[in-house]
Structure formats: structure tokens, C-alpha cells
Amino acid sequence: MLIPQLVALAHRDSLLEDPLFEKKRVRWQVTIGPNGEFQGLGSLDERGVELLVPKKVGGNAGGVATFGTDNARFVLGLVDKPEDSAKAERDLAAFVALIERAAEEEPESEGIAAARAFYRDAAAVAAAREVAAEQKVKEADRVALAYFDDYGQNLFESEEGKAFWRRYRAEQESAKPQVEAVGCLSCGQLR
């Protein structure tokens, strides 16, 4: 009886973190305009700014991207060593596939549509990669995509971005083999 009350308190007072998001330091921000044009690359801070970002599925496995933010290899196809270019192609493709899927599932989102347009424009991506190289962005640096119209907002922080990530993760979880259900101590339901 006590555990359900503690759970209710935690929900009421927003004491629980969303398990689909985690705090990570984001060092760089790629800003894109309404038509997908590359507007700039800015450093958020030398050590990065801690933000609540989509939690990566599959750890650091290659070809497994997160939505709207990841390391520079995923977001821009940028690598520190030229011999890693095949990894960059694979990881950039995984990141772009998530953007494409989000654009299909969230057609009303101007920011996600702009991100799709950005990645469909090879010259815009190449310009962002060139600026990143000039600013000495490292492959492992976390980069966020931000849409700028009247204000700047990271894609993963938008309501549409969060909704997409939650649906995407729920789909992944439902595809996993199910284990035997047990009674939950907090809600009493079989889970």
C-alpha cells in the first residue's frame, strides 16, 4: 500500500525522470532554417551544456542513432580519421533515416520538415561539415540540430520531436520478445 502512494507522489511532484531521455552534454548546435538551409554551427560551451536528450538504444553500437542529436559522426558524417569514412556513411544514414521517419509521422512539424530538407540537400550538409571541420569539431562531440524560425529550438526538445521519440521507442520495446509477466509492486498490474 505504501509503494503505490510513493509512486503517486513521484508522478504528482515530477520527481521521476523520463526513462526515454537522459542528461548528456551537447557541445555544438547546427542551426537550420525553414527551407532546410544551413544557417550556422555554434559552440554551446567548451565542455558542452547538459541537456535532456533522447536515450540511445543499443549503447554505442554503430548504425544506431538517436533523434535530433548524436555525435558528429552521426549528425554530420564527420570523422577524425579518413579510414573511418565507411562508419560515417553508415551512421549518417541511420541518423537521416530517423529524420525521414519523423517527418513522415509528424507532418505538421516545421522543424522536422526543415531537417528533412537539410539532409536532402547535399550542399547544405557539406557546408555544415566544412564549418565543423574549420571549428575543429571532434567525431565524438555531441551535436544537436536546431530549427530557427522566430526562435531556436533543438528538434529533440520540440513537442513533436518528443512525441516521435516516445512512439519510436514504444515500437522498439513491443518488438522485443516478451518475458513472463509478474505483479508490479507499484500499480498491482501484471507487467
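Author: Helix α3 passes helix α4 in a left-handed crossing, a term for the near helix being turned anticlockwise from the far one by less than a right angle. Helices here are DSSP runs of H or I with at least four residues, numbered from the N terminus. This is a predicted model, in which local features need pLDDT of at least 70, side-chain atom pairs count only at pLDDT 80 or more, and totals for chains, interfaces and linings use all residues. Residues are numbered from 1 along each chain as its sequence is written, and side-chain values use heavy atoms, leaving out hydrogens and water.

The axes of α3 (residues 85-105) and α4 (residues 110-120) come within 9 Å and cross at roughly 140°. Those axes are lines fitted to C-alpha atoms over the stretch in contact, with angles from 0 to 180 degrees between N-to-C directions.

On the α3 side, the contact (heavy atoms within 4.5 Å) is made by L92, F95, V96, I99, E100, A102, A103 and E104, and on the α4 side by I112, A115, R116, Y119 and R120.

Beyond neighbours within four places in sequence, Y119 is in contact with V75, L92, F95, V96, I99, V125 and L145. Y119 is also, with F67 and L145, among the residues with the most contacts inside the largest nonpolar core, which has 43 residues. Such a core joins buried Ala, Val, Leu, Ile, Met, Phe, Trp, Tyr and Cys residues through side-chain atoms within 4.5 Å, buried being under 20% relative accessible area with a 1.4 Å probe, protein chains only.

Technical notes
Helix = DSSP H or I, 4+ residues; strand = E, 2+ residues; numbered from the N terminus. Buried < 20%, exposed > 50% of the residue type's maximum accessible area, 1.4 Å probe, protein only.
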